[in-house]
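Here's a structure to walk through together. Have a look at it first, and then we'll go inside.

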Amino acid sequence: MLFRSVAQMFTPHPSTQEPNRLVTIDKLKQWEKELSNWGRWGKEDQRGLLNLITPEKTKQALALVKEAKTVTLQINPFKKTGSDIGVFGENVHRMARINPQTGAVMGALDIIQLSIHDGLSSHLDALCHYQGPIGRQPGEPAVSYNGFPFTLTAAGCKESAADRMGPGYITRAILVDMPLLKGVKWLEPTTPIYIEDLEAWEKFAGIRIGAGDALLIRTGRWAKRSAEGPWPYGTGGAGLHASVLPWLRARDVSLLGSDAVNDVQPSGVKGINRPIHQLTQVNMGLPIADNVYLEDAAVEAARLKRWEFMFTLHIYQIQGGTASPFNGLATF
């Protein structure tokens with residue numbers, strides 16, 4: 001099937017246009033300042049809300065390990081095809097030394113190439129992945145998190161890159177399983193998630209999302225893909241509505257992740273399609289993980305009726321990288 005345009009395939013969910021929910025560009029510009037964490041940890045800070053994953057927070061996370069059962073939060077991007085892959089490059093695994101005449105493999109040496117921002121690659125966006133401010137005028141300098149000049153070259157980002165975010169973290173993760181809450185197999189494309197949905201989940205799970213947590217939101221993208229095949233989820237997918245941004249800032253979560261792109265698509269905000277990405281990364285300093293694999297964690301959490309667990313993250317030290325491969329683990 002050829003997807004001729006976003007407009008022909010997907011339109012914003014009607015609820016995003018209701019007066020009490022509608023978010024405008026002007027409101028986002030206001031939030032750029034009101035929700036900002038610039039300078040909170042000093043003018044040289046490039047870790048943002050990851051600073052809230054303190055030694056005390058990590059010790060608390062260790063205490064959540066009861067069964068010592070670990071599941072992956074990473075999707076395997078290799079040998080998959082579909083309309084949700086291949087936009088930015090190839091994901092390739094091959095042997096490094098092959099005889100050009102015979103094709104024989106000459107040694108157990110591998111080459112791996114990842115298109116990190118690809119639709120089937122679990123990845124953690126660096127804080128330089130987006131630039132601001134919103135509505136930047138010609139000649140107005142672009143900035144990344146904490147007010148650093150946005151400087152992007154063939155070698156990557158000069159500031160706020162993946163290698164500036166720390167080596168890795170252990171903290172408490174909260175899995176928000178929206179399909180489970182709503183009694184469906186998955187959320188249909190364009191379904192927005194609002195503050196009341198997140199707080200309904202807190203009540204259901206008997207838990208409160210707080211400072212230093214990794215907030216992982218399951219929309220059921222992988223379950224839908226497995227049952228019905230791929231679709232261009234990046235233009236028509238369930239996710240957070242822009243009105244959630246002040247709530248995220250108030251709760252001070254340290255990492256936001258989803259099995260899709262985090263933003264509901266289309267966003268419902270005229271003039272910008274990924275406002276969650278924009279304000280979390282540029283203004284709040286909140287790292288985002290896209291395409292997280294949450295199916296195994298959802299099964300284990302439902303079995304235990306416990307949706308908090310120890311979360312382990314390693315950040316690949318890619319100099320200038322606009323993202324790091326995401327190889328998170330959930331340990332119950």
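**A space inside, and a bridge**

A cavity here is a set of points, on a 1 Å grid over the protein atoms alone, where a 1.4 Å probe fits but cannot get out. Keep in mind that this is a predicted model, where local features need pLDDT of at least 70, side-chain atom pairs count only at pLDDT 80 or more, and totals for chains, interfaces and linings use all residues. Residues are numbered from 1 along each chain as its sequence is written, and side-chain values use heavy atoms, with hydrogens and water left out.

The largest cavity holds about 60 Å³ of space, a volume being the space filled by probe spheres set on the points, which are joined across faces, edges and corners.

Now for the bridge. The structure has 1 disulfide, meaning a pair of cysteine sulfur atoms within 2.5 Å. The partners are C128 and C157, with their sulfur atoms 2.1 Å apart. This pair ties together distant parts of the chain, 29 residues apart. The torsion about the S-S bond of C128 and C157 is about 90°, so this disulfide is right-handed.

Are the two cysteines buried or exposed? C128 is buried (under 20% relative accessible area, with a 1.4 Å probe and protein chains only), at 1%. C157 is buried as well, at 7%.

Note on methods. Helices (H or I, at least four residues) and strands (E, at least two) are DSSP runs, numbered from the N terminus. Buried means under 20% relative accessible area, exposed over 50%, partly exposed in between (1.4 Å probe, protein chains only). On a 1 Å grid over the protein atoms alone, a cavity is a set of points where a 1.4 Å probe fits but cannot get out, and a pocket is an open set with protein on both sides within 12 Å along at least five of seven lines; lining residues have an atom within 4 Å of a point.
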